[in-house]
Amino acid sequence: MAQVFNKSANNIARISMVMVVVLAGTAFYAYTQIARSSYLTGRYVEKQQPVQFSHKHHVGDDGIDCRYCHTTVETTASAGMPSTQTCMNCHSQIWADSPYLELVQKSFRENKPIEWQRVHDLPEYTYFNHSIHVAKGIGCSSCHGAIDNMPAVYQENTLQMEWCLACHREPEKFIRPKSEIFNMQWQDSDLSPADRDKLKADYKIRSKEMLTSCSVCHR
Amino acid sequence: MYLSKRNRSGILMIAVCLLLTACGVRFDMQDQPRYKAYKKSEFFADKRASRDFPEGTVPRGQLRDNKAFFTGQIENPNPNAVVQTTTDPSGNTLVSSFPNAIDEFPIPVSKELIDRGQDRYNIYCIVCHGPVGAGDGMIVRRGFVKPPTYHDDRLRNAPVGHFYDVISNGWGRMSGYAAKIQPVDRWAIVAYIRALQVSQDPDRALKMNTSPGAEAPKTTADKPATTEGGKTQ
């Protein structure tokens, strides 16, 4: 009976075995990269808003504090979106007849909210609370990036679980003094590691085991 | 090929699921059918999921019966009281008599209260009134009408209730900040304005006394905004 396989089949079989491992590895690597890509996470993608509001102008140029508009960031889960009245506090006089503000005027006249597009959209199986992060020394720019330099706001980080956990495992790498929470120029290197460890103790930040427990974020 | 009825319905179900998935229907937990702050609602006419309190209701423990604390006005204010007004060069209408405003702080004034006031002032007031209250804030430099300075006899002698009332309800071109600043924080800002006035005229003694029966606010809603144990940040 003739041989079914040619002698070269031995090599093909060996190469195939190696290739399966290589291809599976490549595919897995590709998957991890695509899952973290801005295509899937929305990172760095500028959202178009109904009104061309510029944080770069209002924060960077005018120096308005974050909390002037995001009033509830220190007390509730949501940082708070400003009412149209907040816009009108200044724009009743400044640029009052600018076409850029037409929608704001309309919203104010008709008493209907402006429909802003959400930039940071956490999945709803996660629990997130702004106030606890602010109270425990996490500054705005640690998560939101250089908002004072963003004409249109984009998401600075992936908002993926690995990103949350990176900080929950080592919060001492990111905490700041209370006075610097709203400072957009703050760098983590402004404070020595020893000072940050002391701050962590002062804030009574819980252990890594507690902070990475499932039910902290999934409740 | 023969398929049993059960197999055929199975294939149909898979096809329907695929079709729904293709149409973008997601049966997952990313977007759950519940309301969070600022979500859009198709149920309410104004499309807002965040609702106001129904008119005439009082949240438990938030009956605002301490008139001095919540309005800055005397017990029986006269709605027909005539106030004297003048007009300054920027076109602001200035009041120079304050018949209904209380003259004493309804809560004890402490260093913490003034510090809290400084913190809040530098968020909400500094934009127009400027760092020391001279009326030269960034928004004024951008074209808003210049507000009057705190550092003249008219406002040095103005009762504290007047400042509280203006913060709450606005005056002239200034909008009211009642929606943004809690009552106790408004008093903290008033205390800080007094401190600013002293800073620019240290030789003059300004009235900063607290009314005899004043107590620290009791209910949580009246306490300074904080997340830990009532301590002011």
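In the largest nonpolar core, which has 42 residues, the members that touch the most other members are F163(B), W187(B), I189(B), V190(B), A191(B) and Y192(B). The largest share, nine residues, is supplied by α8(B). As background, nonpolar side chains tend to be buried together in soluble globular proteins.

Leaving aside residues up to four places away in sequence, Y192(B) touches I114(B), G117(B), Q118(B) and Y121(B). Another core, of nine residues, lies apart from the largest one, and among its members are A79(A), I175(A), I181(A) and F182(A).

Now to a charged residue of chain B. R194(B) is in helix α8 of chain B, which covers residues 183–200. Is R194(B) buried or exposed? With 21 other C-beta atoms within 10 Å, R194(B) is buried, because the cut-off for that class is 20 or more. Again not counting residues up to four places away in sequence, R194(B) touches L206(B) and M208(B). R194(B) and R156(B) are 38 residues apart in sequence, while their C-alpha atoms are 7.9 Å apart in space.

For contrast, please look at V16(B), which is placed in helix α1 of chain B. V16(B) has 10 other C-beta atoms within 10 Å and is therefore exposed. Between V16(B) and P59(B), which are 43 residues apart along the chain, the C-alpha separation is 48 Å.

Let me turn to the contact between the two chains, to which chain A gives 27 residues and chain B gives 26 residues. On the side of chain A that touches chain B, at least two residues each are supplied by α4 (66–69), α5 (84–91) and α7 (130–135) of chain A. The largest share of that side, four residues, comes from α5(A). Sorted by class, that side of chain A has eleven nonpolar, nine polar and seven charged residues.

Next, chain A as a whole. Chain A has twelve helices and zero strands. Its radius of gyration is 25 Å, well over the 17 Å that the globule rule gives for 219 residues, so chain A is more spread out than a compact globule. The C-alpha trace of chain A spans about 100 × 50 × 35 Å along its principal axes. Of the 219 residues in chain A, 17% are buried. If we take the contacts in chain A between residues at least 6 apart in sequence, 73% of them join residues at least 24 apart.

Chain A is divided into three parts, namely domain 1 (9–35), domain 2 (55–81 + 120–217) and domain 3 (82–115). Taken over C-alpha atoms, the centres of domain 1 of chain A and domain 3 of chain A are separated by 58 Å.

Two backbone details in chain A deserve a look. Y44(A), although it is not a glycine, has a positive phi of about 65°, and Y44(A) lies in the loop between α2 (38–41) and α3 (55–61) of chain A. Y44(A) is exposed, since 12 other C-beta atoms lie within 10 Å and the exposed class takes in counts of 12 or fewer. K204(A), also a residue other than glycine, has a positive phi near 55°, and K204(A) sits in the loop between α10 (193–202) and α11 (208–211) of chain A. With 8 other C-beta atoms within 10 Å, K204(A) is exposed.

Finally, confidence. For the complex, the predictor gives an ipTM of 0.87 and a pTM of 0.84. Chain B has a mean pLDDT of 84, with 86% of its residues at 70 or more. Among the elements of chain B, the lowest mean pLDDT, 72, belongs to helix α1 (residues 5–22), whereas the highest, 96, belongs to α4(B). Over residues 224–233 of chain B the pLDDT is below 50, although this stretch has 20 contacts in the model beyond near neighbours in sequence. Where pLDDT is low, the predicted coordinates should not be read in detail.

Notes
Residues are numbered from 1 along each chain as its sequence is written. Chains are lettered from A and ligands numbered from 1 in the order in which they are written. This is a predicted model: local features need pLDDT of at least 70, side-chain atom pairs count only at pLDDT 80 or more; totals for chains, interfaces and linings use all residues. Domain bounds come from an automatic or database domain assignment. Two residues are in contact if their C-beta atoms, placed from the backbone, lie within 7 Å. Ala, Val, Leu, Ile, Met, Phe, Trp, Tyr, Cys and Pro count as nonpolar, Asp, Glu, Lys and Arg as charged, and the others, Gly among them, as polar. A nonpolar core is a set of buried Ala, Val, Leu, Ile, Met, Phe, Trp, Tyr and Cys residues joined through C-beta atoms within 7 Å. pLDDT is the predictor's confidence in each residue, from 0 to 100. The radius of gyration is taken over C-alpha atoms; the globule rule is 2.2 Å times the number of residues to the power 0.38.
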